[in-house]
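Welcome! Here is a short tour to read alongside the sequence and the 3D view.

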Amino acid sequence: MSNNTISYLLGNHAIAQAISQCSTDVVAGYPGTPSSEIIEFLAAIKPDCHIEWSVNEKVAMEVAIGASWAGGRSVATMKHVGLNVASDPFMTLAYTGTRGGMIIISADDPGCHSSQNEQDNRRYAAFAQIPCLDPAVPQEAYDMVSYAFEFSEKFNMPVMLRPTTRVCHGKSGIKLRTSTPVHHEIGFKKIPSRWVMLPAHARLRHKDLINKQQEMAQELGSSKWNDLDIIEGAKIGIIASGVASVYTKECLEKLSIKASFLKISTYPPPVELIKELLGIVDKVLVIEEMEPIVEDVVRSISNSISNKEIEIHGKDIIPGYGELNVSIIASCMASSGFTENQKEADIVDKTSIELPNRPPVMCPGCPHRATYYAMKKAFGKDAIFPGDIGCYTLGVQMETMDTCLCMGASITTATGIYHAGETKPICCSIGDSTFLHTGIPGLLNAVYNNADITVAILDNRTTAMTGHQPHPGTGQTVTGDATYMVLLEDIAKSCGVQFVKVTDPFNIESTTEIFDKAKKHKGTSVVISKQECIITARRRGIKPTPFEVDIDKCNGCRMCIKFGCPAIQFTDAQVEGEKGYAHISNLCAGCGVCASICPFDAIKEVC
Amino acid sequence: MIEFDLVIVGVGGQGAILTSDIVGLAAVNSGVPVQASETHGMAQRGGSVENHVRIGLTYGSLIPKRQADCILGLEPAEALRAVDYLSSQGVIVVNTNPILPITALSGACEYPDVDMMINELRNYCKELVAVDANSIAKQAGHPLTANVVMIGALSKFIPLSVEALEESIRRLVPPKTVDVNIEAFRLGRLQ
């Protein structure tokens, strides 16, 4: 890679590029938006390192920890909620510390673009006392990777890199630096006082962790990631963190606000810079997405400055939920007296034409739609359908998704609903990748504790929602190598399930029959509804014949419309008294389920 | 430096990311800074998608409301949904072919009349180019080149050269489809 090459890269690809340029030895992660492209890109460019999709984030974190303890450089990647799964090793890793440089990438999702919550993982970093870097733009994320490795190796501490969706899925011209290979000696060294967290060792390591906080904070505070721009004579100070700093800068320029500006991208926040700013201004506004982490620090520093009263604003003005942008910041500043220039305030007239909502939907030919159709037919609409996380969460549109909490929670919450005394039949849904992620302990528990529930494993042979990553059930690794293909039915049987059936959901009749038997079975039953994701099937070149409606036979009963496939449309009667009819568009993927649903035999393969 | 804020909207699966990539790469290859933002994840399953491409800008990738120089609408209802991004001096380039959402297909709500939406869009912009990109794409040789037709129609307004855009198309579309895409781009320019 020549010096000063500029490549147009996705933020996640820039991060991956940096990882590959830093002589990294092991990268492990579990797919999750907005983090997935980091490992996918690495697997595509094939650097000389071990890359894996781990079974879940806890596993990924521990694999990366092991690699670091053995002296290698390692990275664990996950989405923000993935760190909840990996929080157990994460918290104690702060005590043990690292040997080879280790980066934990937590891709946060303010605005819940593709997540069940929008938690701010800067809090986790503070909780564990692990340093955190919060890039504002993709270039900074790229640049931070090599810094993080060096920092980690200097302090024997892991470093959290916390890009948000706008950085992960932002694209810009990235100035790539020249790779400089780093040699690190691999070999696990037996140091029980470091790696064996017996209480006696843990107490000492905790003290050590606290003792090195100040030195780490000083080094972070003086790093180039923070920047104080003092405007002579300005009595207003604006502090903004990470991605909010670029929105704020644009806003200050547009509204011609005269203010000294402190950009913060390291945690713990830079105390000296904050003190310097507080020393010269009368009024401060802290702008950060989500939690008031910088604000809390600013307030505590301000309280310690006894000779001066400083007006501090933050979450009293700036929303603590959702994503920020220039318009929100501008209107917040206008409404709170930080600017009199109201022209940017968010007064926007929307069209008066009523636009139809466009929610995401299961694709035409998606096997999940067929599974849900059969499930609902067998269990009835009054049954309880606890759910899980994946494309199949869209089953909420088919009324077969009554809950969605976190990865793996379908089987366990179903168990709880049953033991609470719910008498209606209970059938929960979980995808293949999610089952392998955290579903197995729940299934084992359900059997062990005699839960009379049905577990549907919607096995579409991939981790679909996050972009079709392989998993242990697919027989393939992230780099395309063949590996042992674990059978979900074997796992279910090993958990002690007495009723385990595999079915093809495109065969509605037999799938409904199997669900019906599962419902009648006393005890935990498992139905594995197995059919490849239509997107991966297409990519493999499978093109089933599409279907069409014979308008003469169509009775206009709308049974097929109720199936909810985007390829099926209905034309209302043009003349009063006549029937409308269904027709199938060129979106048809040829699953044929509508043909088996039609009571009038009006849907046939295109000749 | 010329600054140009472009909002590209469409439906998940329609190819909005490739469309914004063609523009973004052309900017980078012309030595112009660019910050873009994409929709990945759940919305890609047929939901509304919105990409921002900021040419000549070094701030964040999100375009403030009422500031976009252009909305490239790959679908008419989505163009109207995003109209509050457009500056009063802005331009709208819109594909007139609707994609009905599941809410309209199921009869839960009605999809507005396309001509009515195009007329409404005119109220928000200085200039509007309505393109039947699907038909032009077929004319170019393949229905899947509709978005490149749209980039052709857009090319008259953005501060990037035709050569840079064509080079970007050559680099990003599947190798076997380069010729048909270049034809689509050129037909789009005639709109």
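Two strands count as paired if DSSP finds at least two bridges between them. That helps with one feature of this predicted model: strand β8 of chain A and strand β2 of chain B are joined by 3 bridges.

**Confidence**
- The model has an ipTM of 0.96 and a pTM of 0.96.
- For chain B, the mean pLDDT is 95, with 99% of residues at 70 or more.

**Where chains A and B meet**
- On the chain A side, 41 residues are in contact with 44 residues of chain B.
- Elements of chain A that each give two or more residues to this side are β1 (5-10), β8 (170-176), α12 (242-254), α15 (326-335) and β20 (568-571).
- Helix α12(A) provides the largest share, 5 residues.

**A helix pair in chain A**
- Helix α1(A) (residues 11-21) packs with α7(A) (residues 138-155) at about 20°, their axes being 8 Å apart.
- Because angles under 35 degrees count as roughly parallel, α1(A) and α7(A) are described as roughly parallel to each other.
- The crossing of α1(A) past α7(A) is right-handed.
- Among the residues making this contact are A:A14 and A:A18 of α1(A), and A:A141 and A:V145 of α7(A).
- The contact residues comprise 8 nonpolar, 3 polar and no charged.

Methods. Residues are numbered from 1 along each chain as its sequence is written. Chains are lettered from A and ligands numbered from 1 in the order in which they are written. This is a predicted model: local features need pLDDT of at least 70, side-chain atom pairs count only at pLDDT 80 or more; totals for chains, interfaces and linings use all residues. Axes are lines fitted to C-alpha atoms, for helices over the stretch in contact, and angles run from 0 to 180 degrees between N-to-C directions. Helices (H or I, at least four residues) and strands (E, at least two) are DSSP runs, numbered from the N terminus. Angles under 35 degrees count as roughly parallel, over 145 as roughly antiparallel, 65 to 115 as roughly perpendicular and the rest as oblique. A crossing is left-handed if the near helix is turned anticlockwise from the far one by less than a right angle, and right-handed if clockwise. Two residues are in contact if their C-beta atoms, placed from the backbone, lie within 7 Å. Ala, Val, Leu, Ile, Met, Phe, Trp, Tyr, Cys and Pro count as nonpolar, Asp, Glu, Lys and Arg as charged, and the others, Gly among them, as polar. pLDDT is the predictor's confidence in each residue, from 0 to 100.
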